[in-house]
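Here are some notes to read with the structure open beside you. They cover a strand and its partners, then charged pairs, then pockets.

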Amino acid sequence: MIAGIDQGTTSTRCMIFDSQGRTRSLAQREHHQVFPQPGWAEQDADEIWRHVRHLVPEALAQAGIGPGQVAALGIANQRETSVVWDRTTGRTVAPAITWQDTRTSAIIDDLVARGTAGRIAEVTGLQPRTYFAGPRLRWLLDHGRGLRARAEAGELLFGTMESWLIWNLTGGVDTGVHVTDVTNASRTMLMDLSSREWDESMLDLLDVPRAVLPTIRSNAEVYGTCVAPLPGVPIAGALGDQQAALFGQTCFEPGDAKCTYGTGAFLLVNAGSERPTPGPSVLPTVGYELGDDDPVYAVEGSIAMAGSLVQWLRDSLEIIPSAPQVETLARSVDHNGGCYIVPAFSGLYAPRWDQDARGVIVGLTSFVTKAHLARAVLEATAWQTWEVVEAIGRELGLTLETLRVDGGMTSNHLLMQMLSDVLDVPVERPLVSETVCLGAAYAAGLTVGFWSDLAALRHHRHVAAVWRPQMDADVRAREAAQWNRAVDHALGWVVPHTSPD
């Protein structure tokens, strides 16, 4: 058996897979999220580690096996969420800052004002954005009392969630291994995308001491051996969650594309072995790197709000009692009633990249009901995906023939049909929907020989459902124009504060 851990934005899960890639068990726990002020989003990494210690035995018990029957462990994680901890005590020194957080906007504005955006893109493939982990580390060192001096003295360690978990799983303060994988490192704004090493010029630019950084490793190799709760089991795979989904969906050929619909939505397209040229809208990143093999690159478009918009409809507006009922409500009408929702609650990610955008609802009339709002919520996810696909085609010449989808929102059949309609391509959902965890397990299994090669993984992929386009081309063009008009109203909403004379 192979174990996989998926440390996600709202919950952590552990799954056990057999040699056919089938799910044998799943244990899951939600963790707290804290929003101390507008634009801030935090988590307790110590709580997440406690959950992992309980989840793994639960998953083993469900599968009816012990640690000795697990050949390897793979880990996937919410990317960009940043953790700093004390190497002596093993405790975090500040709350983890999540990928949704925008508190680093002043740092980003300063980098842009200094004319560094071109150099950052040349080295890292990334545009300076609040999205990435490096500026969060800089913010923590600048604002945490005494943290910069302690970091420079080698007393602190930094990592994204997979680094934190690997360090703890391999013994923490006693024998913990401090590593990160290349996909997570590529999301820090500190790594050279070509050499896949920390870049000194980026460290200097962000004033980050090398002493806190983990060693960058490939996505499929043995990083260390678990001490607990899987004693003796090698940790043999690690990927950022979206790259893990790309791998779990067996997108091994250039042009293969997947989109994961969870809290946000993340579309990745396999771009082959050549590093893509960075564009202003979508980002080149490492797709995966297996041991000593050459890396496979990907192009990504990230959408900040997808499932979280449904949660907002449920929790804040109380329009639906449970998330699945958004489909039932939306199906009760045939159209959106002229209403469009742009969910720029913390700015817009790809392809607009406007941190000053804010959410808007436009087109309201007395005709619009809560059912139209529910339909507009689902359409917002579909049209945001369309924008990303259009940008990838425009900037890199990559066109989609099929979109492979995964994540919790894929159980919404109406949304899947909307996606096929607006993209004008078939949408496929695999039999195993937990492709993030599966991708991490695949990487670990390849490392230890549990699976022989990529062809064996591809053999295990089975399609559970397919949606095909049904929308008239004229309707698609008209609705696309209306969506763009709605987004225009959201852009640049935040006005910089100026002090009175």
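1. Terms for strands. Two strands pair if DSSP finds at least two bridges between them. Helices (H or I, at least four residues) and strands (E, at least two) are DSSP runs, numbered from the N terminus. In β16, the residue that Y261 bridges to is A265.

2. Basis of the note. This is a predicted model, in which local features need pLDDT of at least 70 and side-chain atom pairs count only at pLDDT 80 or more, while totals for chains, interfaces and linings use all residues. Residues are numbered from 1 along each chain as its sequence is written, and side-chain values use heavy atoms, with hydrogens and water left out.

3. Strand β16 and its partners. Strand β15 (residues 257-261) runs antiparallel to β16 and is joined to it by five bridges. The link between β15 and β16 is a hairpin of three residues. β16 also runs antiparallel to strand β18 (residues 296-303), with seven bridges between them. There, G272 stands opposite Y297 of β18.

4. Why is strand β16 described as largely enclosed by the rest of the structure? Seven of the eight residues of β16 (residues 265-272) are buried, so the strand is largely enclosed. Buried means under 20% relative accessible area, exposed over 50%, and partly exposed in between (1.4 Å probe, protein chains only).

5. Salt bridges. Side chains of opposite charge can pair when their charged atoms come close. A salt bridge is counted when a side-chain nitrogen of Lys or Arg is within 4 Å of a carboxyl oxygen of Asp or Glu. The structure holds 29 of these salt bridges.

6. Some salt-bridge pairs. D110 pairs with R114, with the closest N and O atoms 3.1 Å apart. D110 is partly exposed at 36% relative accessibility, and R114 is partly exposed at 47%. D142 and R138 form a salt bridge of 2.6 Å, N to O. Both D142 and R138 lie in helix α4 (residues 133-143), four residues apart, about one turn of the helix. D142 has 38% relative accessibility, so it counts as partly exposed.

7. R314 and D315 meet in a salt bridge of 2.6 Å, N to O. R314 is partly exposed at 26%, and D315 is partly exposed at 44%. Elsewhere, salt bridges that share partners join R79, E80, R187, D241 and E300 into one network.

8. The largest pocket. On a 1 Å grid over the protein atoms alone, a pocket is an open set of points where a 1.4 Å probe fits, with protein on both sides within 12 Å along at least five of seven lines; lining residues have an atom within 4 Å of a point. Grid points are joined across faces, edges and corners, and a volume is the space filled by probe spheres set on the points. The largest pocket has a volume of about 1200 Å³. Its lining has 48 residues, of which T10, Y261, G262, T263 and G408 lie nearest the centre.

9. What lines the largest pocket? Helix α10 gives the most, five residues. Elements that each supply at least two residues include β15, α10 (307-315) and α14 (435-447). The lining divides into 14 nonpolar, 23 polar and eleven charged residues. Here Ala, Val, Leu, Ile, Met, Phe, Trp, Tyr, Cys and Pro count as nonpolar, Asp, Glu, Lys and Arg as charged, and the others, Gly among them, as polar.
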